[in-house]
Amino acid sequence: NFNDPRVIVSACSVGVFTGIAVVLFNNGVHEIRDFFWDGIPYRGASWLREEPLDSVWVRVIFVPACGGLIVSVLNAARNAVSEASYSAKAALGSVLKALAACVTLGTGNSLGPEGPSVEIGSSIAKEIHSLLDKNPQTKLSLLAAGSAAGISSGFNAAVAGCFFAVESVLWPSSPADSSVSLTNTTSMVILSAVIASVISEVGLGSEPAFKVPEYDFRSPGELPLYLLLGLLCGLVSLAFSKLTSYLLGVVDNLNKDVGIPKPVFPIVGGLTVGVIALAYPEILYWGFDNVDLLLESRPFVKGLSGDLLFQLVAVKIIATSLCRAFGLVGGYYAPSLFIGAATGMAYGKFISFAIAQSDPAIHLSILEVASPQAYGLVGMAAMLAGVCQVPLTAVLLLFELTQDYRIVLPLLGAVGLSSWITSGQMKRKDVKGTKALEDGNRYTIQQPEESENTTSLSSTEAPPYFNNLCEVESSLCIDDSSIRTKDLEKRIFVKEAMRTRYVTVMTSTLLTEAVTLMLTEKQSCAIIVDNDNLLLGLLTLTDIHEFSKFAKDKSLDSKVLFVSEICSSDGAKCKVPWTATPTMDILSAEMIMNKYDLSHVPVISERVKDCRGQPIGLLDRECISLTC
């Protein structure tokens with residue numbers, strides 16, 4: 001009920017604290033930038049491009065690498081708080097992540113501040129909900145208010161912040177989460193966004209995030225050109241997202257298969273950005289100064305050529321994807337706007353050149369075309385919508401910043417096409433939550449704590465990086481579903497989730513008989529017991545399949561082989577490193593299953609020596625997910 005004073009106080013508190021936190025966050029980025037770069041960003045990337053290489057190369061290469069080193073330490077510190085209580089861990093983890101983002105951006109690495117601002121707002125909303133208003137029906141509303149406050153204070157655009165909350169939090173949420181009325185939620189979102197925007201304006205100034213050139217719209221005949229720009233931005237957005245997903249997978253494989261430690265990756269990422277910046281200094285994050293450079297909105301600064309703009313599109317995509325994949329912390333909103341501005345400006349210059357150089361017989365010269373800056377502005381919105389799947393936010397953000405109604409029609413056309421191209425390729429999959437994949441057999445598991453011996457993903461399933469919107473921009477997936485899943489798993493016991501129908505065999509059972517029993521019961525494993533019905537081990541179809549190849553090579557008759565032979569052939573086969581008990585909660589069981597890389601766990605009535613006991617059930621990941 002919005003008439004409840006606690007709801008009003010909670011919404012106002014989210015706006016106040018988010019506004020203050022975002023101001024502190026941005027000031028922290030500026031202080032770190034001033035410390036490391038010694039005023040270089042204020043002279044602009046064009047100045048750095050004209051400087052002799054031998055006078056700047058050390059700083060350009062090693063400042064981002066130093067940022068990567070500090071981020072690596074902060075990431076390790078975030079993992080080290082896993083022993084704390086959940087609320088303390090969440091609060092401390094959010095602070096450490098914000099510090100890592102400050103360092104990432106302050107040292108010039110190619111990410112942006114708006115994603116961390118949204119996550120700051122959502123973290124504050126969670127804490128305020130737990131302190132002031134513990135009504136579960138208002139939790140989603142406060143999360144939406146927090147995300148709106150983060151965007152509105154980051155861009156100084158309250159209207160865009162409100163629609164961002166709708167697109168990123170309220171629409172993707174499940175119907176079960178939407179028990180609070182839309183009117184109450186909208187009121188909380190608006191209240192929080194306005195307060196945060198006002199505080200941000202006081203703390204950071206009333207100027208927009210970047211200098212907006214005057215928009216120029218010549219004639220309705222230009223609209224097809226804007227639609228083509230929307231198509232182009234959609235394709236570039238798709239390439240951006242695909243490259244990010246691919247590199248995330250590559251880095252994950254390098255960590256798991258090659259054994260490269262995770263702390264190494266942020267340092268390599270920063271070093272790579274520095275090397276790229278020697279040739280293309282515009283890719284470094286220096287606020288929105290480089291966007292101003294692209295839009296030619298800074299006085300006395302020479303604009304970039306069309307060829308260089310197209311090169312910057314490709315290089316910025318590569319640099320940003322590498323930063324995200326290598327574990328540096330930041331958002332994709334600012335890079336998307338940069339890439340969109342470069343794409344639109346290059347496109348606008350190409351169109352102007354093509355019309356000026358066209359054959360007079362074609363009469364293209366009579367077509368009035370706006371300045372390249374107009375296409376740059378529309379390209380920014382189209383790219384933001386394509387990459388982050390927030391088309392309404394993109395349209396309203398640019399409209400709010402330009403304050404020119406004439407931009408709306410070209411914006412809607414370009415943004416709609418760009419978003420449509422990428423919408424079929426991007427899915428919201430929370431890699432931290434318990435999600436069933438389409439085949440119903442493989443799962444990604446959320447754990448309550450991360451430690452050296454436990455991972456948040458089962459190693460039997462490749463992480464669902466590809467086409468994953470939540471991996472491209474994590475602030476778009478803050479609906480708190482992973483926390484709800486965790487709370488649920490703490491309340492469910494193994495006895496409620498375990499299978500009570502399972503196959504048991506003895507060591508003297510024929511392998512062919514064991515396979516027949518498993519296929520009859522549609523089970524992929526069988527529990528091995530002795531004559532006293534005490535647990536001896538676990539036999540899987542995979543074990544049998546591998547052993548059958550071995551038997552074939554040795555010319556053994558598989559029809560007369562026993563279970564004991566497969567278990568004795570390899571000491572690791574049939575062995576059960578851990579068993580569950582009926583009164584254990586499934587969250588704890590899941591943690592240990594991940595630790596030992598187990599897909600099935602026998603459930604025993606009571607433990608005897610060496611995990612032995614009488615089996616009473618079988619626990620696997622599928623039944624855990626179904627029970628949840």
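Which helices do the buried residues of α11 pack against? They sit against α4 (53–80), α10 (223–258) and α13. That is the subject of one of the close-ups below, and every view comes from a predicted model.

**Figure 1. The whole protein, before zooming in.** Start with the overall picture: the protein has 25 helices and 7 strands. It runs to 628 residues, and 54% of them count as buried. If you take the contacts between residues at least 6 apart in sequence, 75% join residues at least 24 apart.

**Figure 2. Helix α11 and its buried residues.** This view is about α11, which spans residues 264–279. Its buried residues begin with the pair Phe265 and Pro266, then come Gly269 and Gly270. Further along the helix, Val273, Gly274, Ile276 and Ala277 are buried too. As for what they pack against, look for α4, α10 and α13.

**Figure 3. Helices α13 and α14, side by side.** Here we have α13 (residues 306–325) and α14 (residues 333–356), whose axes come within 8 Å and cross at roughly 160°. The two helices are therefore roughly antiparallel to each other, and their crossing is left-handed. On the α13 side, the residues that meet α14 are Gly306, Leu309, Phe310, Leu312, Val313, Lys316, Ile317 and Thr320. Facing them from α14 are Pro335, Phe338, Ile339, Ala342, Thr343, Met345, Ala346, Tyr347 and Lys349. Sorted by class, this contact has 12 nonpolar, 3 polar and 2 charged residues.

**Figure 4. Helix α14 again, now with α10.** From α10, the residues taking part are Leu225, Leu228, Leu229, Leu232, Cys233, Val236 and Phe240. They meet Ser336, Ile339, Thr343, Gly344, Tyr347 and Ile351 in α14. By class, the contact of α10 with α14 has 10 nonpolar residues, 3 polar ones and no charged ones.

**Figure 5. Ala341, a buried spot in α14.** Stay with α14 and pick out Ala341, which is found in this helix. Is Ala341 buried or exposed? Its relative accessibility is 0%, so Ala341 counts as buried. Gly376 is 35 residues away from Ala341 in sequence, yet their C-alpha atoms are 4.4 Å apart in space. Leaving aside neighbours within four places in sequence, Ala341 is in contact with Val291, Leu294 and Leu295, as well as Gly376, Gly379 and Met380.

**Figure 6. Thr107, tucked into a loop between two helices.** Thr107 belongs to the loop between α5 (86–106) and α6 (114–131). With a relative accessibility of 0%, Thr107 counts as buried. A polar atom of its side chain lies 2.6 Å from the backbone oxygen of Val103. The Thr107 side chain also reaches the backbone oxygen of Thr104, at 3.2 Å. Setting aside neighbours within four places in sequence, Thr107 is in contact with Ile32, Phe36, Trp37, Val63, Pro64 and Gly67.

**Figure 7. Gly205, where α9 gives way to α10.** Gly205 is found in the loop between α9 (182–204) and α10. This glycine has a relative accessible area of 28%, so Gly205 is partly exposed. Not counting residues up to four places away in sequence, Gly205 touches Asn156 and Ser200. Asn156 is 49 residues from Gly205 in sequence, and the C-alpha atoms of the two are 9.0 Å apart.

**Figure 8. Two loop residues with a positive phi.** Gln389 has a phi near 55°, a positive value in a residue other than glycine. You'll find Gln389 in the loop between α15 (372–388) and α16 (391–402), and at 14% relative accessibility Gln389 counts as buried. The other residue is Asn533, with a positive phi near 60°. Asn533 lies in the loop between β4 (525–529) and β5 (535–540). At 33% relative accessibility, Asn533 counts as partly exposed.

Notes. Residues are numbered from 1 along each chain as its sequence is written. This is a predicted model: local features need pLDDT of at least 70, side-chain atom pairs count only at pLDDT 80 or more; totals for chains, interfaces and linings use all residues. Side-chain values use heavy atoms; hydrogens and water are left out. Helices (H or I, at least four residues) and strands (E, at least two) are DSSP runs, numbered from the N terminus. Buried means under 20% relative accessible area, exposed over 50%, partly exposed in between (1.4 Å probe, protein chains only). A polar contact is a pair of N or O atoms within 3.5 Å; within protein, one must be able to donate a hydrogen and the other to accept it, and residues adjacent in sequence count only if both atoms are side-chain atoms. Contact means heavy atoms within 4.5 Å. Axes are lines fitted to C-alpha atoms, for helices over the stretch in contact, and angles run from 0 to 180 degrees between N-to-C directions. Angles under 35 degrees count as roughly parallel, over 145 as roughly antiparallel, 65 to 115 as roughly perpendicular and the rest as oblique. A crossing is left-handed if the near helix is turned anticlockwise from the far one by less than a right angle, and right-handed if clockwise. Ala, Val, Leu, Ile, Met, Phe, Trp, Tyr, Cys and Pro count as nonpolar, Asp, Glu, Lys and Arg as charged, and the others, Gly among them, as polar.
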